[in-house]
Each structure stands twice: as C-alpha cells, then as structure tokens.
Amino acid sequence: MPIQDRTNEFKACVDSITSRSSFPNRRGEHKQKLLNGKAGSSKSEFSRMATAIGKDISSTNLKLNKLTQLAKRKTLFDDRPVEISELTFIIKQDIANLNKQIASLRSYVKQQNHKGSTSAEGKQLEEHTQNVVMLLQSKLASTSMTFKDVLELRTQNMKESKDRTEQFMSTTSSAVQQPPSNSILFNPRGDPMGDGSPSRFDSKGKRPAYENGDVLALNLESAEEGAQQHQNGNGFMQMQLMEQQDTYLQSRSTAIESIESTIAELGQIFTQLANMVAEQRETVQRIDADVMDIQSNVGGAQRELLKYYASISSNRWLMLKIFGVLIVFFLIFILVSG
Amino acid sequence: MKIFSISVILAPSQGSSTTLASASDLSSFSFYQKGSVGEFMTFFSKTVAERTQPGQRQSVQENNYTAHAYNRGGPEQLAGVIICDDEYPVRPAFSLLTKLLDDFASKVPQSSFSNPSAILFPEINTFITKYQDPSQADTIMRVQQELDETKIILHKTIEGVLQRGEKLDNLVDRSQQLSAQSKMFYKTAKKQNSCCVIM
C-alpha cells in the first residue's frame, strides 16, 4: 500500500486555522502552542518509531519477494542453496526485530496513555496510536505468513528435485564416492612402458599381473572369487557405467542445447539487422526527396537565367533605342540650358 | 589434442578378444619408444575392450593417456577403442567411435572376422589423420563452430550497417543544405528576371 506523505498539506491547514483563530485569542494560542509543542514532540516520537517500523516491514517484504522468486525456481541443477538459506536467516532476524520493535512501541503507547489526559483530544490520540499499532502488527503478521508459505514451497521443491535427481541418476551416493578404486584399470604404479611391460605380455590376456592387487579388477573375473563379491563388483561397475552413459548423454544434450541457444541468438541478430535496415530506409527516402527538390530548383533557376539571358540579348536593340532617346533628351537639355 | 591410436576389436562376451583393425599415430614419441608404446597401446585397447560391457561406453585414465571404449555389441560384437591424451574432448571421441564402428560394420563382412590379418580397412588410417581435430569428427562441434563464425560475421555486418546509418544521416544533412541553397539560387534568379525589366 503506497504511503502518501501529506505532511505539507497538513501543515498548511494547521497554519491557516491558527492564523484564522489567532486574532481573538492570543494567550490561549500561546498555551495551545506550548501544549502542541509537548504533545507534538511525543506524537512525533511515536510517529518516528512507527515510520521506522513501517520502513523495516517494507524492506523485509522486498527480501521476502526475492526469496519467493528464488524458491520458486524448479530447476534441477541451478539451485542456490547458500543464498536461499542466507536470505531465510536474514528474514527471520528481521521479523524477530520487528516483533521486538512493535512490542516496545506498544509499551510506549501504553505509557503515554497512562500519562495522558482524558480530554477528547487525548482520547483521539490514544485511539489513533492504537490503530497505528494494530496496522503495523497486521502487516507484520501477513509478512510472516508469506514467509511461512515460502518456506513450505521451498521444502516441497527440494523434495521434488531430489526425486527427479534420483530418477535420472540411478547411482546412490555411496557408489559415487569411490570412482578411483572402481575403475577397472586403476594402476597407481607408473610406467606402462619400459620394464613393466614384458612381464605383462607374458601373462594371459584376461589376467594382467597387477602387483597392487586391485580388488575390483580381480572381482571381475568370473568364477574365482565367489558369487557375492562378484555381484557387488558388478553392481558397482553397473552403476558407474550407467553414470558414464548418463554423463555422455547429458553432455550431448547440453551441447545441443547450446547450439539451440546460439541459433536463437542468431535469429535475434538477424531481426535486429532487418530493423536497422528498415529504419535506414526512411532516411534514404528523405535523401531521395531532397535530391529531387534540388534538381527541380536548380532546373528552374537555370530556366530563369536563360530567360534573362535571352531577354538581355534580344533587348539590345530596344536598349540602343532607349539610349538614343536619352542622349537626344540630354542634348536638348544642354541646348536649352546653354 | 592428439589421438594416439584407434582400433576395432572383436569382443565376444566370453573368451578373448581379437584386434580386427587398428591405426596409430606415434609420431610424438621418440624412435626407440615407438615399438613399446605401440605394443602397449594394442594391449591396452584389447584389455579395455574386454572389460567393457556390450552397449556401454567407458573412459579409462592411465598416466597421461585416456582410453575411450565403446562396445557396440550387436550381432558383430564389435568394440572400438581410442587412446588419446587428456585434452581431447570426451563426447566427440565417442561419436568418432560410433562412426568408426558403423563404417567398419558396413564395409567388412562378418565372415572375415575370424581372419584378422586378411581384413582390409584402410579408412581407419584416414580416420586417425583426419580426426586429430575433434571438430571434424563431431558434427555437433562442427555446427557449433560454424554458428560461432556466422555470429562473428553478423556482428561485423551490424557494425557496417551502423556506419552506413551514420553516413546516411550525413547525406541527409548535406542534401537538406543543398536543397535550401538551390532554392535561394532559384529565387534570386527569378528576382533578377522580374525586377530589372526596365531595360
């Protein structure tokens, strides 16, 4: 709910009323001002606390919105548990803080009401403070309800994602913990070439002579070790093999997804390009129109000049005649004056 | 990113396996090491192929070599093993193996499997030389590369279009100025014509 700040209007109203009622009752006004000063300070103290609490509540709401967004993400791999838990912790602290602040505000209000007068104004003040406190409490209550809902949603999502992870990767966590020893040819001794090799090739194909006694390699032989060990080894091997299948398939799918996104990007770039060229079409049309104007103007000017030239060249005889007439008049004037 | 050797191995689920075709690129080893390295590669490939279940893919790390094995199973019971260094990306290696095995199965009839020395599959050599560069082997990688190149070209095109836009704006201003000037020219010429009709 947007909080409108109409303090200025209020102040203007108060000023106008006091100026209206100031003339007949100066002394009363002084007393009233003093009273207002004290009560005003306590009121402003109360309003300060209330505004502080209101601000805290709104910031907590913002954080809660962020948390809701994070918790709603149902992605399998991009979870951010650290951030979510941090945010949850911060919000919990904020709510506890707000609770304490509201409790202190309430006790303050009760104190004020015990001190305050029983006049009509005091009663209104008391009612107003009670309402404000109720409002803040209800806001805090709604925030904590939303918080609870978000936490429930988060636990639900976590459970779902865990189910899905189990569905896709059929390994249990224990098998994943020991990849090196599960590898068939785990050979911690160095040098495959050189001195080690001749002895190896002496042995038969299926039983390389590992001096380390790699347990699982031996387990893979068929009937020597006993069925149970063999099956355990097989079980581990199976899971790891399937994991590798999964990794292979996953890497394929990620690669293809990246190709898909690249193609989408390319499509966007193409549309941008088309847009830019379309914008430039306008400019080109303007240039075209301007150039046509220039052509017509220059053509018209040329015509005029030709006309002028033609008139000049054709008018020469007339000009001679006019000059002749002028000279005649000139001579007449000279003769008349002289 | 080097491939050291590729081999196609007949890997029945019981019994030993036999190498049907193989090619190796041991140019990075010194002359005296080549022999033993080659033997090691063969042995390694055979062992890994034997240890791979049909229809499974596997990667094994050994010092600084990685072997990727793909046992295709199927009626021919073929398995492909590629030994390369750590840098070679995994997925194209497996797609290379798949391609190799399909090629092999189509070219070489199953009857000649019992006689490994008689099998002629020279394409395996082309495989190893051509696919030292993984993007050649894997269509996905190649598509991605081409897309990236196209994106770069498009970015340059857009920059060109921006410059074109600037020049067009320039042109518009100049043509507007020219138009104004030519108008003035026309008016002056007209004025001259109409004004001095005295003579």
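**View 1. Tyr32(B) and Phe31(B), two exposed aromatic residues of chain B.** At 73% relative accessibility, Tyr32(B) counts as exposed, because the threshold for that class is over 50%. Phe31(B), with a relative accessible area of 65%, is exposed as well. This is a predicted model. Across all chains, the count of aromatic pairs comes to 7. In the pair made by Phe31(B) and Tyr32(B), the ring centres are 5.5 Å apart and the planes stand at 70 degrees, so the arrangement is edge-to-face.

**View 2. Phe40(B) and Phe44(B), a stacked aromatic pair.** The two rings lie 5.1 Å from centre to centre, with 25 degrees between their planes. Both residues belong to helix H1 of chain B, where they are 4 residues apart, about one turn of the helix. Helix H1 of chain B covers residues 31–51. Phe40(B) and Phe44(B) are both buried. They are also members of one aromatic cluster, together with Phe4(B), Phe29(B) and Tyr65(B).

**View 3. The open sheet of chain B.** Five strands make up this sheet, in the order E2-E1-E5-E4-E3, and their pairing is antiparallel. At the edges are E2 and E3, each of which pairs on one side only. Strand E2 spans 18–24, and strand E3 spans 57–62. On average, neighbouring strands of the sheet are turned by 15 degrees against each other, direction ignored.

**View 4. Strands E3 and E4 of chain B, with Arg57(B) and Tyr70(B).** E3(B) and strand E4 (residues 65–73) of chain B run antiparallel and are joined by 6 bridges. Arg57(B) has Tyr70(B), in E4(B), as its bridge partner. The side chains of these two residues are also related: the charged end of Arg57(B) sits over the ring of Tyr70(B), 4.6 Å from the ring centre.

**View 5. Asn63(B) in the loop between E3 and E4 of chain B.** Asn63(B) is not a glycine, yet its phi is positive, at about 50 degrees. With 41% relative accessibility, Asn63(B) counts as partly exposed.

**View 6. A salt bridge between Asp25(B) and Lys2(B).** The closest N and O atoms of this pair are 3.2 Å apart. Lys2(B) is partly exposed, having a relative accessible area of 22%. Over all chains, the count of salt bridges comes to 8.

**View 7. Met141(B) and Arg91(B), separated in sequence by 50 residues.** In space, the C-alpha atoms of Met141(B) and Arg91(B) are 9.5 Å apart. Met141(B) has its place in helix H5 (residues 139–195) of chain B. Its relative accessibility is 26%, and Met141(B) therefore counts as partly exposed.

**View 8. Lys63(A) and Asp94(A), a salt bridge in chain A.** The distance between the closest N and O atoms is 2.6 Å. Asp94(A) is buried, with a relative accessible area of 17%, whereas Lys63(A) is partly exposed at 25%. The two residues fall into separate classes because buried means under 20% relative accessible area.

**View 9. Arg6(A) and Glu9(A), another salt bridge of chain A.** The side chains of Arg6(A) and Glu9(A) meet at 3.1 Å, N to O. Glu9(A) is partly exposed, with a relative accessibility of 46%.

**View 10. Residues 317–336 of chain A, a span annotated in UniProt.** An unreviewed UniProt entry places the feature "transmembrane region" at these residues. In the model, the span is 100% helix and 0% strand. The C-alpha atoms at the ends of residues 317–336 lie 28 Å apart.

Technical notes:
Residues numbered from 1 in each chain as written. Chains lettered and ligands numbered in written order. Predicted model: local features only at pLDDT ≥ 70, side-chain atom pairs only at ≥ 80, totals over all residues. Heavy atoms only, no water. Salt bridge = Lys/Arg side-chain N within 4 Å of Asp/Glu carboxyl O. Buried < 20%, exposed > 50% of the residue type's maximum accessible area, 1.4 Å probe, protein only. Helix = DSSP H or I, 4+ residues; strand = E, 2+ residues; numbered from the N terminus. Phe/Tyr/Trp six-rings, centres within 6.5 Å; stacked < 30°, edge-to-face > 60°. Lys NZ or Arg CZ within 6 Å of the ring centre and 35° of its normal. UniProt positions renumbered as here; feature names shortened; annotations may be inferred. Pairing = 2+ DSSP bridges. Axes fitted to C-alpha atoms, helices over the stretch in contact; angles between N-to-C directions.
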